[in-house]
Amino acid sequence: MKRVIFSLAFGILLVLGANAQKPKSVPYSVRMMKSSTQRTEIILPQVKGYNIYKGDFHIHTSYSDGVINPAGRVVEAWLDGLDIIAITDHYEGHSGVKKFLKVTAPYNEDGQPTPYQTTAKVGSVKIDFNAIHDEAAKQLEKSGYPMLLIKGCEMARNNQTHGHFNCLFLKDINGLYDKDLMVAFKRVYDQGGIVIHNHPGWRRKTTDKTEFHEAAYSAGLISGVEVVNGHTFYPHIVKRCIDEKLTMFANTDIHSSSYYPRMSPDVFRTMTLVLAKELTEKDVKDAILKRRTLAYVAGNVIGEEKWLVELFNESIDCRIVQENNEKGTRKFQLTNHSSIPYTIRKGKKTYVLEPLRSVFINLGKDKEGKKYIKPEFRVENMWHVDYKHPTINIELDK
Ligand SMILES: [Zn+2]
Ligand SMILES: [Zn+2]
């Protein structure tokens, strides 16, 4: 193989040599030109026969306290590499309510904007909350993006006693409202929806459950919790999710006007990785109910250890490229086929497995000189229960 490459390179040099009289400028690579209209593709492997879809289940628009309209959120999510989104505007408070009422006027019997009273009386005001979702759906259809849009909203009450909750997989957002959140949650489940507990430590000194939380969780009215909201990670919630069989979510809760800040080309928007058969509402909901999710934030992956191990092993190809029995050494080639860089550690040595690159690692034999040391590493940008990194024995490719 080496000889072939050498002669090919030599051949190219000869051709260049023949045409080398006049210097020519080289066109700029397309990669050097920035484009704000290209989608970031986040390549992840299949895991146990499931595809990994990228979702954000917590997004605000200008109809509540965000500053981008639903159509803008659809385009933005698509460019950020997402496959699934839910627009989840506040049910109880709409700063952009005047604009909202104007837009939803055609949904009213008289075609006129409804006079808005106070946020407390939102339940009695004729607002079509479904119109926010419809506006996003219209954009999705127009663009033709193969993205799944899930109908949702956020219910928010006193932070100290109740907190905020996202209601997802809804059929009709209107009529869910009740002063008693437990009643509202039951209505969500009656529609085939689910409730997730958002940012459990926000504006509170603890992530511990309140009396209301105890009641809602034990009544089976909470299906999942945000272990990550924006860039905030709640490590204690990982344990809660595992102990109580709840689904882990990482959502942006995006309100801002610009695209979600990327720290580097390899660091993506906060997202929930969903392990589902197909990109359909049925399969995505099934994945969520069966807790096949991982949380992604700022280059870190958080979740149940078994899924972390699967994701890592499917992302990395590992093979022995050299073995010297006399010296007792082995050289491993580790190739990362995914878009997520992994930082692995063995003893005092740390290696970064960059996307679509290989590293070579030498491992010898154990102290007795009998057995070869296994390619077992602690993956430092993966987190499971109790704020711990998993230690993964990398499978050798056959
Ligand atoms: Zn909230
Ligand atoms: Zn929110």
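**View 1. Strand 1 pairs with strand 2.** Strand 1 (residues 51-59) and strand 2 run parallel, joined by three bridges; strands count as paired if DSSP finds at least two bridges between them. Helices (H or I, at least four residues) and strands (E, at least two) are DSSP runs numbered from the N terminus. Look for aspartate 56, which sits opposite isoleucine 85 of strand 2. To get from strand 1 to strand 2, the chain goes through helix 2 (residues 70-79), a right-handed β-α-β crossover: with the strands pointing away from the viewer, the path from the first strand over the helix to the second runs clockwise.

This is a predicted model, where local features need pLDDT of at least 70, side-chain atom pairs count only at pLDDT 80 or more, and totals for chains, interfaces and linings use all residues. Residues are numbered from 1 along each chain as its sequence is written, chains are lettered from A and ligands numbered from 1 in the order written, and side-chain values use heavy atoms, leaving out hydrogens and water.

**View 2. Strand 2 is covered on both faces.** In strand 2 (residues 84-87), Ile84 and Ala86 are buried on one side, Ile85 and Ile87 on the other. Buried means under 20% relative accessible area, exposed over 50%, partly exposed in between (1.4 Å probe, protein chains only). Four bridges tie strand 2 to the parallel strand 3 (residues 148-156), with leucine 149 as the bridge partner of isoleucine 85.

**View 3. Glutamate 154 bridges two zinc ions.** Glu154 (OE), His164 (ND1) and His199 (NE2) coordinate the zinc ion (ligand 1) at 2.1 to 2.2 Å. Donors are N, O and S atoms within 2.8 Å of the metal (3.2 Å for Na, K and Ca); water is not among the atoms, so sites may look incomplete. The zinc ion (ligand 2) lies 3.3 Å from the zinc ion (ligand 1). Histidine 164 is buried at 9% relative accessible area, and histidine 199 is buried at 5%.
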